[in-house]
Amino acid sequence: MNVLKISEAVSIALHSLSLMARDGERCWKVKDLAREVGVSEAHLAKVFQRLVKVGILSSVRGPQGGFSLARPGEEITLLEVYEAVEAPLYEGGECLLRRSSCPFGECIFGDLVGRMNREFREYLASKTLGDIARGGR
């Protein structure tokens with residue numbers, strides 16, 4: 001079992017956009033990209049709607065249309081993609097019970113949750129789609 005949970009929508013976005021960054025200026029059809037990534041066209045289209053809305057992707061309608069990155073992959077961080085699909089990533093520790101105070105006085109995990117959140121956020125902020133496309137994990 002994984003401690004870190006990344007939603008399917010975020011995974012779809014990160015993998016699809018990394019492929020798009022690798023191929024530069026290419027305009028992708030949802031059908032082709034869904035096949036390449038191995039996901040449903042409907043789910044990919046829904047994720048892409050969010051990414052167009054926040055300016056990460058551009059879309060062109062019509063038979064010759066499709067999706068392309070709105071900016072170079074080197075200018076789009078993984079954090080920007082994550083937060084466009086999910087929500088702003090909280091930097092601190094958060095009560096796993098969603099309570100304002102712990103019934104034990106302090107969290108049974110100490111600062112572990114906060115440290116993990118900060119480290120994950122820092123990693124996402126430090127990597128771009130261009131890094132991933134070039135194989136720089």
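How many residues does helix 5 have, and what span does helix 5 reach from its first C-alpha to its last? In this predicted model, helix 5 covers residues 112-126, a stretch of 15 residues. From first to last C-alpha, helix 5 reaches 21 Å, close to the 21 Å expected at 1.5 Å a residue.

The C-alpha trace spans about 60 × 30 × 25 Å along its principal axes. The protein has 137 residues, of which 33% count as buried.

Within helix 5, the buried residues are Val113, Gly114, Phe120 and Leu124. These residues lie on the same side of helix 5, because the arc they cover around the axis is only 135°. In general, an α-helix has 3.6 residues a turn, so residues three or four places apart point the same way. Glu119 and Glu122 are found on the other side of helix 5, where both are exposed.

The packing partner for the buried residues of helix 5 is helix 4, which covers residues 78-85. The axes of the two helices, helix 4 and helix 5, come within 5 Å and cross at roughly 115°. Angles of 65 to 115 degrees count as roughly perpendicular, and helix 4 and helix 5 are therefore described as roughly perpendicular to each other. On the side of helix 4, the contact is made by Leu78, Leu79, Tyr82 and Glu83. These meet Phe120, Arg121, Tyr123, Leu124 and Ala125 in helix 5. By class, the residues of this contact divide into 7 nonpolar and 2 charged, with no polar residue. Phe120 and Leu124 are listed among the buried residues of helix 5 and also take part in the contact with helix 4.

The relative accessible area of Ser16 is 0%. Since buried means under 20% relative accessible area, Ser16 is therefore buried. When neighbours within four places in sequence are left aside, Ser16 is in contact with Leu33, Val37, Leu44 and Phe48.

Conventions: Residues numbered from 1 in each chain as written. Predicted model: local features only at pLDDT ≥ 70, side-chain atom pairs only at ≥ 80, totals over all residues. Heavy atoms only, no water. Helix = DSSP H or I, 4+ residues; strand = E, 2+ residues; numbered from the N terminus. Expected span 1.5 Å × (residues − 1). Buried < 20%, exposed > 50% of the residue type's maximum accessible area, 1.4 Å probe, protein only. Arc of directions from axis to C-beta. Contact = heavy atoms within 4.5 Å. Axes fitted to C-alpha atoms, helices over the stretch in contact; angles between N-to-C directions. Parallel < 35°, antiparallel > 145°, perpendicular 65-115°, else oblique. Nonpolar A, V, L, I, M, F, W, Y, C, P; charged D, E, K, R; others polar.
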